Amino acid sequence: MIDSVLKKSRSGAELSRGELVSLLSITDTAELRSLYDCAYFVKERHVGKRTYFRGIIECGNICVKDCYYCGIRKSNNEVERFLMDEDEIFREAIWTYEADYGSCVIQSAERTDNGYIAMIERVVSRIKEATEGKLGITLSLGEQTEKTYRRWFKAGAHRYLLRVETTNPALYARIHPADHLLEERKKCLAALRRVGYQVGTGMMIGLPGQTVEDLANDVLYLKEIDIDMVGMGPYIPHRGTPMGWALPPYSDEQKAASLQLGLKMIAVTRIVLRDINIAAATALQALEYTGREQGLRCGANVIMPNVTAAQFRQQYQLYDDKPCTDENSLMCRGCLSGRIRGIGETVGFGEWGDSPHFKKRSATKGAGDE
Ligand code: SAH
């Protein structure tokens with residue numbers, strides 16, 4: 001059964017929802033191998049054996065949201081709050097440029113005040129100017145108005161990551177306070193597309209109560225909204241959150257199962273969406289040291305090395321045991337590039353690394369069309 005589904009997908013045929021569910025339900029080692037090999041085949045064919053780095057700058061943890069899973073939620077009083085100043089963000093972006101990473105991601109907890117919006121706008125323009133437009137700039141700053149998205153796009157950002165978290169409305173409602181709305185998030189994704197960004201979204205995988213049917217629907221949603229990039233990763237409990245209080249820390253077996261589900265989702269997403277960029281999330285590495293490289297072998301082609309100054313890393317713990325919080329950026333560069341060469345891939349240093357999917361779409365419609 002699995003063999004025939006994989007054969008069908010190698011030939012380029014579309015898979016049904018039921019077939020996605022059967023792939024996500026695999027537990028047999030040989031079948032898993034076949035699934036991952038099939039995803040790697042599709043990856044090689046559509047995006048090549050090339051990994052792109054996006055240096056991630058986690059620039060602040062002051063948040064207006066109170067998501068029940070997230071370690072830096074507004075109500076977690078144990079977190080020391082910080083916001084990098086503009087010069088610090090700029091310095092880290094320039095570090096990323098000089099390390100030849102090609103792109104940076106500016107991520108923070110969610111803030112919507114005017115001072116913050118203007119600060120991001122200024123720093124994006126400065127980075128754009130100082131690197132003569134050569135450093136790609138991705139933002140991951142949560143739900144904002146279309147006007148704000150437009151300001152930041154005009155300043156020089158061209159990609160935006162906003163995870164939908166889950167497309168199951170009942171599950172979304174269970175993991176968020178009542179005023180955090182799935183519909184609003186979907187509207188933001190549509191607004192980002194209208195403004196002209198390359199849009200990325202993704203899910204948390206392995207949420208309590210989430211089924212493989214939910215995950216299959218999530219993958220179909222990614223296809224439906226014609227996404228350019230995906231960043232998804234395993235859910236990992238954080239001890240300072242309502243969802244973390246309800247769950248004991250993961251045992252080794254739970255970690256292994258969660259990693260496996262995360263890898264299966266990457267593989268299935270690659271098989272279904274083919275020519276998009278897929279990031280191997282840092283959360284994979286929290287479950288197993290080589291988790292991100294395993295993600296690359298299962299179909300991912302982007303890694304987001306942390307370039308945040310070491311003194312801020314402890315304060316950006318979205319989940320427990322986040323890796324590399326005691327390392328500096330140079331250590332990450334060295335150890336990651338070595339590990340990627342170790343699996344026979346090259347790093348796309350100095351390139352933006354847009355997904356072929358985005359390039360095709362913008363060639364037919366023109367990037368930034370309204
Ligand atoms: N505020 C921004 C980005 C910061 S959070 C935004 O909303 O887009 C980035 C992502 O971290 C979230 O989208 C969520 O998917 C993930 N995350 C938060 N808590 C997590 C946890 N406990 N386990 C795994 N991922 C988590």
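E78 is exposed, with a relative accessible area of 73%; exposed here means over 50%, buried under 20%, and partly exposed in between, using a 1.4 Å probe and protein chains only. You will find E78 in the loop between strand 1 (50–58) and helix 4 (86–98), where helices are DSSP runs of H or I with at least four residues, strands are runs of E with at least two, and both are numbered from the N terminus. From E78 to G244 the C-alpha to C-alpha distance is 14 Å, although 166 residues separate the two in sequence.

Before going further, please keep in mind that this is a predicted model, in which local features need pLDDT of at least 70 and side-chain atom pairs count only at pLDDT 80 or more, while totals for chains, interfaces and linings use all residues. Residues are numbered from 1 along each chain as its sequence is written, and side-chain values use heavy atoms, with hydrogens and water left out.

Let's turn to a pair of helices. Two packed helices are described by the angle between their axes and the distance between the axes. Helix 1 (residues 2–10) packs against helix 3 (residues 29–46) at an angle of about 0°, and their axes are 10 Å apart. Axes are lines fitted to C-alpha atoms, for helices over the stretch in contact, and angles between N-to-C directions run from 0 to 180 degrees. Helix 1 is therefore roughly parallel to helix 3, a label for angles under 35 degrees; over 145 is roughly antiparallel, 65 to 115 roughly perpendicular and the rest oblique. On the helix 1 side, I2, D3, L6, S9 and R10 make the contact, and helix 3 supplies E31, S34, L35, D37, C38, F41 and R45; contact means heavy atoms within 4.5 Å. By class, five nonpolar, two polar and five charged residues take part. Ala, Val, Leu, Ile, Met, Phe, Trp, Tyr, Cys and Pro count as nonpolar, Asp, Glu, Lys and Arg as charged, and the others, Gly among them, as polar.

Now for the salt bridges. The structure holds 27 of them, each being a side-chain nitrogen of Lys or Arg within 4 Å of a carboxyl oxygen of Asp or Glu. One of them joins D354 to R159, with the closest N and O atoms 2.6 Å apart. This pair links distant parts of the chain, 195 residues apart: D354 is in the loop between strand 10 (346–347) and helix 16 (356–365), and R159 is in strand 4 (residues 159–161). D354 counts as buried at 15% relative accessibility, and R159 is buried at 1%.

Another salt bridge brings together the side chains of R361 and D228, at 2.3 Å from N to O. R361 lies in helix 16 and D228 in the loop between helix 9 and strand 7, so the pair ties together parts that are 133 residues apart in sequence. Both residues are buried, D228 with 0% relative accessibility. Leaving aside residues up to four places away in sequence, D228 also touches others, including R193, Y197, I276 and H357.

R239 and D320 form a further salt bridge, 3.7 Å from N to O. Here R239 is exposed, at 61% relative accessible area, whereas D320 counts as buried at 13%. Finally, a network of salt bridges links K65, E110, E143, E165 and R185.
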